[in-house]
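Trainee: Please take me closely through a single part of this model, one of its chains, and tie the details together as you go.

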Amino acid sequence: MLETLSNLGLGFSVALSPPILMYAFVGCLVGTLVGVLPGVGPLAGISLLLPATFGLDATRAIVMLAGIYYGAMYGGSTTSILMRIPGEAASVMTCIDGYAMARKGRAGAALAIAAVGSYIAGTASVVGLMLLAPPLADFALRFGPPEHLALLLLGLLVLAYMSSGSMLKSLAMAAFGLLLGMVGIDQMSGYFRFAYGVVELGDGLGVVPVAVGLFGVAEILATAGQPTAPKVIKPRLRELLPSRQEWRESIAPIGRGTVLGFLVGILPGSAHIISSFVSYAVEKRVSRHPEQFGHGAVAGVAGPESANNAATSGAMVPMLALGVPSGPIPAVMLAAMMVHGVSPGPLLIQQQPALFWGFIASMYVGNVVLLVLNLPLVGLFVNILRVPYPYLYPAILVFSILGVYAVNGSVVDVWIMLLMGVLGWVLRKLDFETAPIVLGVVLAPLIELSMRQSLAMSDGSYMIFLTRPIAVVLLAVGAVLVLMNLYTFLGRRLDWRARLAMAEKGEEAP
Amino acid sequence: MRHRGLVALAVVVALSLPLVAAAQEPYPSRPITLVAPFPPGGVADLTARPVAAAMEKVLKNPVGVVNKTGAAGAVGMQFVATSKPDGYTLLLALSSISIIPEADKIFDRQPAFTVDQFAPIALISADPTILVVRAESPWKTAKEFIEDAKKRPGQISYSSSGIYGTLHMAMELLSHAAGIKLRHIPAAGAGPALTAILGGHVDALASGPAVVLPHIKSGKLRALAGWGDKRVAALPEVPTFRELGYPEAEFYIWAGLFAPKGTPEPVLAKLREATRAAVAEPEFKAAMDKLETPIVFKQGQEFQQFFDADARRLAAGVRKVGRVEDKK
């Protein structure tokens with residue numbers, strides 16, 4: 001412990017030196033912008049900036065790139081809350097309750113809660129990263145394909161809590177999302193599936209164009225389709241800050257989101273996206289007022305936004321402790337280290353103490369910078385809502401197209417986004433929810449790969465899922481959850497979902 | 001944000017300029033685009049950047065790297081294959097340039113591009129893969145590994161960067177040469193493939209040396225043999241498969257510079273000359289040194305021979321793998 005403190009002292013002496021401080025600030029600023037722009041996420045931001053870091057030394061480069069990563073998680077909530085457009089894929093869940101809060105005139109409160117939640121999650125998870133990195137990294141390695149599959153199946157159960165309307169409809173949407181996730185090269189055999197000769201479809205339908213289309217473009221179409229433009233919500237200054245009540249409602253979700261996000265973040269895959277989905281489901285499950293979800297529940301903003309921030313620190317655990325990437329973003333950061341002749345690996349912490357501890361300390365500093373940067377911006381961003389829709393929406397559409405194009409430089413992605421926008425609009429008219437589609441698109445390729453890898457490992461025997469302890473535990477948890485729901489169903493006890501549906505029809509629940 | 005803007009601007013400029021065709025001016029008179037068909041941070045990108053910087057210095061003309069990614073490199077390669085052959089759009093390709101068209105053939109697909117759509121300029125680097133196993137595994141030498149694999153066909157597993165990917169092909173060439181059968185567990189990229197062996201979910205992995213060296217040093221992995229024609233400098237005690245009597249198990253993760261077929265000979269000559277000067281630049285050497293990637297420079301006939309031999313081995317490897325489903 002004492003050693004950790006003295007190491008941290010070394011770290012802060014590095015992190016607070018003016019050049020490192022400056023690069024951390026630049027990273028956070030760019031990250032916030034990248035997060036705010038619809039479509040452009042942290043991966044695109046880091047990729048674009050990577051060449052610019054080649055001239056810096058390793059510590060500066062890595063501090064700046066990390067700043068972009070967690071900075072984007074702060075910025076991502078902004079457009080989700082204000083306009084129902086996910087600034088990056090991990091903010092999809094924030095679109096639902098964040099936007100609902102904004103429609104009620106609580107945009108400022110939602111933004112402030114997202115920023116503070118992100119700050120708490122960011123800082124707390126750096127503590128976790130600092131103290132637990134080596135043991136946690138070893139644990140993460142034990143997650144092979146079968147463990148992954150078990151975890152992802154658990155992720156699918158999240159669905160049950162994602163919709164506030166018809167269960168059948170949200171299951172249909174999830175199935176549709178899973179089917180969309182099948183497009184692309186089959187990882188196990190090399191077949192091009194559903195690509196129809198379009199080489200770009202080999203990589204499948206990206207989460208970003210699908211999410212921005214289903215949420216953002218669909219929202220714009222829906223608004224434009226109304227006979228009269230919706231009234232512009234003019235925020236008042238004293239309404240910018242969350243009320244005492246809203247703070248109280250957000251504390252527990254922030255705490256849960258932090259722990260959950262950090263743990264999910266350590267595991268390989270698109271952790272920051274999945275963590276926000278899981279957090280939303282958990283909040284809805286434990287909430288005493290699940291019926292508020294979808295209509296502006298504070299917990300629906302606080303939980304996922306904290307989770308996606310904590311997940312970014314979690315993702316650094318395998319990267320720093322073992323030198324293996326837990327996803328595409330840490331992979332780019334590893335490359336940045338290699339360019340500077342720092343070989344990432346299990347010996348990094350001993351061989352490069354200044355880099356490791358400087359990096360850790362810079363994340364503490366960076367989170368403070370982001371909070372200071374974001375809270376005053378709340379006032380500014382909220383004023384975007386004052387812009388009349390005929391001017392605001394075309395501008396957003398332009399930014400969305402630019403953003404989605406910028407990610408891969410692919411026109412195909414832009415078409416996917418526009419088609420998804422039309423589809424999302426039709427589905428809204430028919431009263432389908434679109435978040436399960438995004439969940440399906442995120443999970444399908446991961447589920448398929450881990451399942452088929454598992455079966456390749458066992459030469460086709462399904463027993464592999466029942467002979468590995470971690471997988472068994474996860475599957476058992478899933479089974480218990482399903483049984484609990486089944487019990488409610490069979491006992492003919494109406495849960496909140498049915499009560500809500502009846503209340504909407506004007507009937508009393510029995 | 002300044003850099004971002006600059007990068008974006010450079011991309012826009014670089015992409016739009018080839019449209020303004022200039023017939024008579026001396027080459028090069030406008031910015032050259034070097035396409036890296038893989039995302040930033042990958043081998044192709046990390047090689048392309050110092051190459052571009054050094055060529056820029058030699059040619060006294062801007063050379064910008066553009067990452068055109070997708071479908072395991074096929075998107076970027078197809079883009080260059082169909083670009084105007086004027087020397088302003090070049091490709092930095094990896095070994096997979098010979099694999100992708102063969103894989104397309106296996107599936108009776110219209111190939112995204114063919115190898116003869118490119119004019120080779122120069123080979124920049126060639127890094128032999130090495131065979132690693134976990135430190136606690138029973139095999140101390142490549143010989144023990146191969147003998148055990150012969151006794152238990154299809155039981156020893158390995159991970160790779162993906163089906164028909166470079167790391168998969170290296171292992172296939174070995175299986176072919178040694179007459180063994182291993183179990184393939186493809187992963188989604190070289191990073192996850194490394195994670196799989198570190199976590200003990202597979203037994204073996206063929207990998208570029210730089211990536212696994214830290215894990216060999218820390219005692220988690222053991223190197224058994226290399227696919228190169230000589231031993232890896234950082235691992236002098238590790239033999240090559242050639243030494244062990246498997247000359248067909250030769251494989252490199254190489255990076256080479258290509259232009260679209262039909263590029264005028266004077267332009268190609270100029271590019272060859274520029275590349276030769278570029279790889280001799282001290283900055284370029286320093287950059288490749290940090291990546292622990294050996295510079296192997298070949299041009300003209302020499303590169304053509306290397307390329308042909310490599311393509312022949314890989315094509316045979318891909319055909320041997322065939323369609324995965326058809327085997328069961």
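Mentor: A residue is called buried if 20 or more other C-beta atoms lie within 10 Å of its own, exposed if 12 or fewer do, and partly exposed in between, with C-beta atoms placed from the backbone. By that criterion, 55% of the 328 residues of chain B are buried. The model is a predicted one, in which local features need pLDDT of at least 70 and side-chain atom pairs count only at pLDDT 80 or more, while totals for chains, interfaces and linings use all residues. Residues are numbered from 1 along each chain as its sequence is written, and chains are lettered from A and ligands numbered from 1 in the order in which they are written.

Chain B contains 11 helices and 11 strands (DSSP runs numbered from the N terminus, H or I of at least four residues for helices and E of at least two for strands). Its radius of gyration, 20 Å, is close to the 20 Å that the globule rule gives for 328 residues, so chain B is as compact as a globular protein of that length (the radius is taken over C-alpha atoms, and the rule is 2.2 Å times the number of residues to the power 0.38). Along the principal axes, the C-alpha atoms of chain B occupy a box of roughly 65 × 45 × 40 Å. Among contacts in chain B with a separation of 6 or more, 75% are between residues 24 or more positions apart (a contact requires C-beta atoms, placed from the backbone, within 7 Å).

The sheet comes next. Six strands of chain B form an open sheet with mixed pairing, in the order S2-S1-S3-S10-S4-S11 (strands pair if DSSP finds at least two bridges between them). Strand S2 (63-67) and strand S11 (295-299) of chain B are at the edges with a single partner strand each, so one side of each has no neighbour in the sheet.

Several loops deserve attention. Between H1 and strand S1 (32-36) of chain B, the loop holds Pro28(B), which is joined to Tyr27(B) by a cis peptide bond with omega of about -10 degrees. Tyr164(B) lies in the loop between strand S6 (157-160) and H6 of chain B. Phi of Tyr164(B) is positive, near 60 degrees, in a residue other than glycine, and Tyr164(B) is buried, with 26 other C-beta atoms within 10 Å.

Leu182(B) sits in the loop between helix H6 (166-178) and strand S7 (183-186) of chain B. Because Leu182(B) has 22 C-beta neighbours inside 10 Å, it too counts as buried. Leaving aside residues up to four places away in sequence, Leu182(B) touches Ala149(B), Ile156(B), Ser157(B), Tyr158(B), Met171(B) and Ser175(B). Its C-alpha atom is 6.4 Å from that of Gln155(B), 27 residues apart along the chain.

Finally, there is the side facing the partner chain. Contacts link 48 residues of chain B with 50 residues of chain A. Elements giving two or more residues to this side of chain B include helix H1 (2-16), helix H2 (43-59), S7 and helix H7 (190-198) of chain B. H7(B) provides the largest share, six residues. By class, this side of chain B has 24 nonpolar, 14 polar and 10 charged residues (Ala, Val, Leu, Ile, Met, Phe, Trp, Tyr, Cys and Pro count as nonpolar, Asp, Glu, Lys and Arg as charged, and the others, Gly among them, as polar).

Notes:
Contact = placed C-beta atoms within 7 Å.
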